[in-house]
Structure formats: C-alpha cells, structure tokens
Amino acid sequence: GAVLVILFALRQGGGALAPGDLFLFASVAVAAIGYAFSGRLTSRMPGWEVISWILVMALPLSIPAAALTIPADIGHIALKPWLGLLYVALFSQWIGFFAWHAGMAMGGIARVSQVQLLQPFVTFALAALFNDERITLQILLFAAAVVATVAISTRMRGQAPPPPQRDREPPQLAAS
C-alpha cells in the first residue's frame, strides 16, 4: 500500500522527486516513529494523556517556529484562516488523537495505522468537494488498489501460520 502511494505521488509529479517530496518522505518516517511510540504508550496510559504530553513536549520547537513564521501584521488575516488553524490545533492535533490512540490500543498499532494509507485519497475527495478539484480515473484506480492492499493484509494478518512439522523426536538426555 505504501509503495502504491509513493508511485502515485511520483506519477502525479511527472516521475521526478522534488525537494518537497523528500521532506514529505522524511515527515512520513518521523510520523511512523511517533505513531509506533505513542501506540506503545497507549498500553500504559490513556490516549488523551499520550497526545497531550506529546504536544507539551513539542512546544519548545513549535513556539519558535511559529514566532519565525508569523506575519508582521496579523490583523490582516481573515477569520477563515484563524478558524482553520483553531480546527487543526484542537481537533486534528489533539481531540482527534483521543480516538486514534484508543483505536491503536484496541486494534493494534500496525493494523490501525494502515488507515493512514487512505489519507491522500480522502484529501483528494475533500479537495474536490471544497476546492472543485477534479477526480481522475487514475486517482480512483490508485485508491482502489490501496484499499485492496489494506484489505488483503488485514485478512492475512488474522490467519496464524501452521505450526512447524517435526520429522523426528527430540533427543533424550542420557540418565547419569
């Protein structure tokens, strides 16, 4: 599924990697590490505590980054961008993770994280709805292929491999 998403990104970008693609891949790798650690923490503490502490630990990086990128005159920023920022801060980066971490604790980190493979395609659907972006056959085909890989891997993960067959009895220890 991940390979399909990467191939889709390369195809959409004309087959070439841009510096932004490398930053995207790096962020995916860092996010995967974060998901794995936060998923493991949910076995020891509630998900809302995990994400709250993660956000507190991110403040030493977040505050200077915000200070460096803030516009000179924030009074000219319209209401919609402020509402968008508020939504992302409260729901996408905090409250949404309450359910996400609870799901990882219940369903397992690997299984639940596969849902993330569908995120680019959900983004395309939302872009079509809100920004009048065009959904192409290529997008639909790649999305269907990713959904199929997630379904196949979920089905295969539920099946335990057969125990190994032994041809002979284990050796007996000699009595002394």
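A: Among contacts in the protein chain with a separation of 6 or more, 68% join residues 24 or more positions apart, a contact being heavy atoms within 4.5 Å. The model is predicted, so that local features need pLDDT of at least 70 and side-chain atom pairs count only at pLDDT 80 or more, whereas totals for chains, interfaces and linings use all residues. Residues are numbered from 1 along each chain as its sequence is written, and side-chain values use heavy atoms, with hydrogens and water left out.

The chain contains seven helices and zero strands, and its pattern along the sequence reads α-α-α-α-α-α-α. These elements are DSSP runs numbered from the N terminus (helices: H or I, at least four residues; strands: E, at least two). The protein chain has 176 residues, of which 14% count as buried. Buried means under 20% relative accessible area, exposed over 50%, and partly exposed in between (1.4 Å probe, protein chains only).

A pocket is an open set of points on a 1 Å grid over the protein atoms alone, where a 1.4 Å probe fits, with protein on both sides within 12 Å along at least five of seven lines; lining residues have an atom within 4 Å of a point. Among the 26 lining residues, Ile54, Leu55, Ala58, Ser62 and Gln93 are the closest to the centre of the largest pocket. Two or more lining residues come from each of helix H2 (19–41), helix H3 (47–69) and helix H4 (79–107). By type, this lining is made of 21 nonpolar residues, five polar and no charged. Here Ala, Val, Leu, Ile, Met, Phe, Trp, Tyr, Cys and Pro count as nonpolar, Asp, Glu, Lys and Arg as charged, and the others, Gly among them, as polar.

Ser38 belongs to helix H2, and because its relative accessibility is 4%, Ser38 counts as buried. Beyond residues up to four places away in sequence, Ser38 touches Val50, Ile54, His101 and Met104; Ile54 is also one of the residues closest to the centre of the largest pocket. In helix H3 sits Ser52, which has a relative accessible area of 18% and is therefore buried. Helix H4 contributes Gly96, a partly exposed residue with a relative accessible area of 36%. Between the C-alpha atoms of Gly96 and Trp48, which lie 48 residues apart along the chain, the separation is 9.4 Å.

Helix H2 gives the most, with eight residues. The lining of the second largest pocket holds 16 nonpolar residues, five polar and no charged. Gln119 is part of helix H6 and is partly exposed, at a relative accessible area of 44%. Although 114 residues part Gln119 and Val5 along the chain, their C-alpha atoms are separated by 9.8 Å.

The largest nonpolar core has eight residues in all: Val5, Phe8, Phe121, Ile139, Phe142, Ala143, Val146 and Val150. At least two of its residues come from each of helix H1 (2–12) and helix H7 (137–157), and H7 supplies the largest share, five residues. Apart from this core lies another, of six residues, which include Ile51, Phe97, Trp100 and Val112. A nonpolar core is a set of buried Ala, Val, Leu, Ile, Met, Phe, Trp, Tyr and Cys residues joined through side-chain atoms within 4.5 Å.

Asp132 lies in the loop between H6 and H7 and is exposed, at 69% relative accessibility. The phi angle of Asp132 is near 60°, a positive value in a residue other than glycine.
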